[in-house]
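Trainee: I would like to go through this model by its geometry, one question at a time. Please define each term when it comes up.

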Amino acid sequence: MRSTARVARAFAVAGALTLGLAACGGGDDDTSTSGGDGGGDDVVTVGFVAVGPEGGWRQANEANVQDTFTEEAGFELKYAPATNLDQRSQIDAFTSFVDEGVDVILLSATEGAGWEDSLRRAQEAEIPVILVDRGIEPDDTDLYVTRIAPDNYEVSTSVAEWAVSAFPDGANYFVLEGPAGVSVVNERNKGWDDTVGSAANLVKIGAQTANWSTEEAKSVFETVLRANNNDIQIVFAQNDEMGLGAAIAVEEAGLTPGVDVQIATIDGTKPALEALSEGRLSFVAEYNPLFGETLLEVVDKVLNGEEVEPYIIVPSETFDSPEAATAALPSRKY
Amino acid sequence: MSDLAARLAAGRGAIVRNQAFWGVIAIAALLAINVVADPGYLSVGYNGETGRLSGNLIDILRAAAPILMIAVGMCLVVATGGIDLSVGSIMVVAGAVSMELLRGMDGSAGNAALTLAIALGIATALGAVNGFLVSVVGLQPFISTLVMMLAGRGIAKVITGGQNTTADNDSFAWLANGYVVGVPVVFLLAIAIVALVWLLVRRSALGLMLEAIGMDSRASRLAGVKRRSLQLTVYSVSGLLAGIAGVFATASVMTVDVSRTGYQLELDAILAVVIGGTSLAGGKFSIGGAVIGGLLIATLDKTVVFLGIPASATPAFKAIVIVVLCLLQSERVRSLFRHRRALRAQSQKEAVAA
């Protein structure tokens, strides 16, 4: 008897949950139809398949997109961040945007591969897809309208050029990468390798992933320092968070970041520029996240049926001294 | 004489059959590989200036501290036949609460203590919600803690507004980065907590009661074991320990990363518990084994970096080590290696049970 009561209670709970979910789904449908109706003339529905919380850079970028596509500007933005950077949840969100029939989809893919089927579905539904920041692999430009992003290759090349010019007598370097297989990581590696590879006196000690995380970067780099008797002069951290973690590891090993080990990072978030102005980092290459305006222009063009370039590069700056960082800090938005 | 020899043989058999023994062997093997790569690997230096011990072994102990916390909590939960998938998410909640509170305070030790109390209180409360769902509502532990695993990370994102939050407080950072008589505080705390938990469950009947629930919940109730309150306690304790782990993890860099802090660490905790010889079926547990499992995982993580194994090959390397270890732990596989001896009914039974 007791167990039947329990089963009944379980069903009641499950039923309540299902109802709740159905209600959510229903709500979505309502807004999408109204949005779809108005799509032609006034309100444009934009589905944004986003990455979600990942770091300061992503936060700035996605907030910028959300602030650009406002109701006042005549848009209804549907923001769908991934669950814990999981591609599966992104594909689900993408598919539901296609089914709803939004006017345009913005996509920041957490992983480059595996998007062909979803993109083809959008194509069949005649929904233009614009890639925001992250590219796809293989890079088939027929599957999307355009990609708007700062150029990873260019940005990491600028870091590599700094390393070559700052260490004319040679040095040992270590690379802290993002998760293996992500397109950003591949592009940033390529930009760095192509330039540093030609400088024979820069010796690669190794590369290891720290999953974009400060905590993991600290743990990884403390061990790397031990494994190499502290004989590392350059760290190329592929994002700010990992660079800051490496700086902590350097300090705990009794060395001075900026003197014994010089750390270069990509992104240019506020904490990184603060660290650069204190001399804990040595070089910060900005990867400009604030391109909402450009995105807005492109969306307008696409909806009016105009042609756009398949790849639009957003210009980025570099900061190579504490002074440059101090000067840039007051106006830093992210 | 023959009596002594037989007893020695029996003793050796007992050691070999003890699954934690193979965990120790695996740690030793990994350390040996590192020593081959660099003969100075095991050396522990003493820095007279800062009064700290330093070396790879010390790094491993520090890295192991958060894993030990969640592994011990998981161990108790598994003993009752349950599982706690939410430990990683409770870690990030504790971290988010701490960083968010400390950010708005000045860096005094009092504020650090207050923050610690609030963060651990919230972690315990989340654990208690798990316990309530399991013991009073009667949901499957897998489902209730899965819900908490998903909700926890969401709560952390709400607390920090979706951002990775940084704070400054030297006393709080000391918990993870400080040293007492040359030894990392974080490891001393972890060991002290583990010892406390061990004393509580093994020097009283508490451990036996937990095992009784895991073996047969009905029979234990008939024998007078208060299942509900014990389950509620066990999940709360697991939440508390996960909260401590979260504090350790975030205090070491004074940053909470809402999507990465504690991410998938519940799997590490389960692995540590299983390596330590605790059956996921419940009904028995070994805290010492969980500690060895936790140390093994930390050693493995550090070894991968020390050997410079390429990032893309890291998961495969870890998987191979774990699979080999599990094979060695399996009585059936070991007896296959011993060609001469036939598969005895006795060992067959044990292999099935394991």
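Trainee: Which residues of α6(B) meet α4(B)?

Mentor: This is a predicted model, in which local features need pLDDT of at least 70, side-chain atom pairs count only at pLDDT 80 or more, and totals for chains, interfaces and linings use all residues. Residues are numbered from 1 along each chain as its sequence is written, and chains are lettered from A and ligands numbered from 1 in the order in which they are written. Contact here means that two C-beta atoms, placed from the backbone, lie within 7 Å, and helices (H or I, at least four residues) and strands (E, at least two) are DSSP runs numbered from the N terminus. From α4(B) come G88(B), S89(B), I90(B), V92(B), V93(B), A96(B), V97(B) and E100(B), and they meet M148(B), M149(B), G152(B), R153(B), I155(B), A156(B), I159(B) and T160(B) in α6(B).

Trainee: How many residues of that contact of α4(B) with α6(B) are nonpolar?

Mentor: Ala, Val, Leu, Ile, Met, Phe, Trp, Tyr, Cys and Pro count as nonpolar, Asp, Glu, Lys and Arg as charged, and the others, Gly among them, as polar. On that scheme the contact of α4(B) with α6(B) has two charged, four polar and 10 nonpolar residues. The number asked for is 10.

Trainee: At what angle do α4 and α6 of chain B pack?

Mentor: Axes are lines fitted to C-alpha atoms, for helices over the stretch in contact, and angles run from 0 to 180 degrees between N-to-C directions. Helix α4 (residues 87–103) of chain B and helix α6 (residues 141–160) of chain B have axes 8 Å apart, and their angle is about 15 degrees. Angles under 35 degrees count as roughly parallel, over 145 as roughly antiparallel, 65 to 115 as roughly perpendicular and the rest as oblique, so α4(B) is roughly parallel to α6(B).

Trainee: Is the crossing of α3(B) and α12(B) left-handed or right-handed?

Mentor: Helix α3 (residues 56–79) of chain B and helix α12 (residues 265–275) of chain B have axes that come within 8 Å and cross at roughly 65 degrees. The two helices are therefore roughly perpendicular to each other. A crossing is left-handed if the near helix is turned anticlockwise from the far one by less than a right angle, and right-handed if clockwise. For α3(B) and α12(B), the crossing is right-handed.

Trainee: How many charged residues are in the contact of α3(B) with α12(B)?

Mentor: I67(B), I70(B), A71(B), M74(B), C75(B) and V78(B) in α3(B) meet L265(B), D268(B), A269(B), I270(B), A272(B) and V273(B) in α12(B). The residues of this contact divide into 11 nonpolar, no polar and one charged. The count of charged residues is one.

Trainee: Is Y235(B) buried or exposed?

Mentor: Y235(B) lies in helix α11 (residues 227–251) of chain B. Leaving aside neighbours within four places in sequence, Y235(B) is in contact with V77(B), D84(B), G127(B), A128(B), N130(B), G131(B) and V134(B). A residue is buried if 20 or more other C-beta atoms, placed from the backbone, lie within 10 Å of its own, exposed if 12 or fewer, and partly exposed in between. Because Y235(B) has 32 other C-beta atoms within 10 Å, Y235(B) is buried.

Trainee: Why does Q264(B) count as exposed?

Mentor: Q264(B) is in the loop between β6 (255–256) and α12 of chain B. Its phi is near 60 degrees, a positive value in a residue other than glycine. Q264(B) counts as exposed because its C-beta neighbours inside 10 Å number 11.

Trainee: What is the radius of gyration of chain B?

Mentor: Chain B has 16 helices and six strands. The radius of gyration is taken over C-alpha atoms, and the globule rule is 2.2 Å times the number of residues to the power 0.38. That rule gives 20 Å for 354 residues, so chain B is as compact as a globular protein of that length, with a radius of gyration of 21 Å.

Trainee: Which element gives the most to the side of chain A that touches chain B?

Mentor: The contact takes 32 residues from chain A and 28 residues from chain B. On the side of chain A, the elements that give two or more residues are α2 (56–68), β7 (202–209), α7 (214–227) and α8 (240–252). The most, 10 residues, comes from α7(A).
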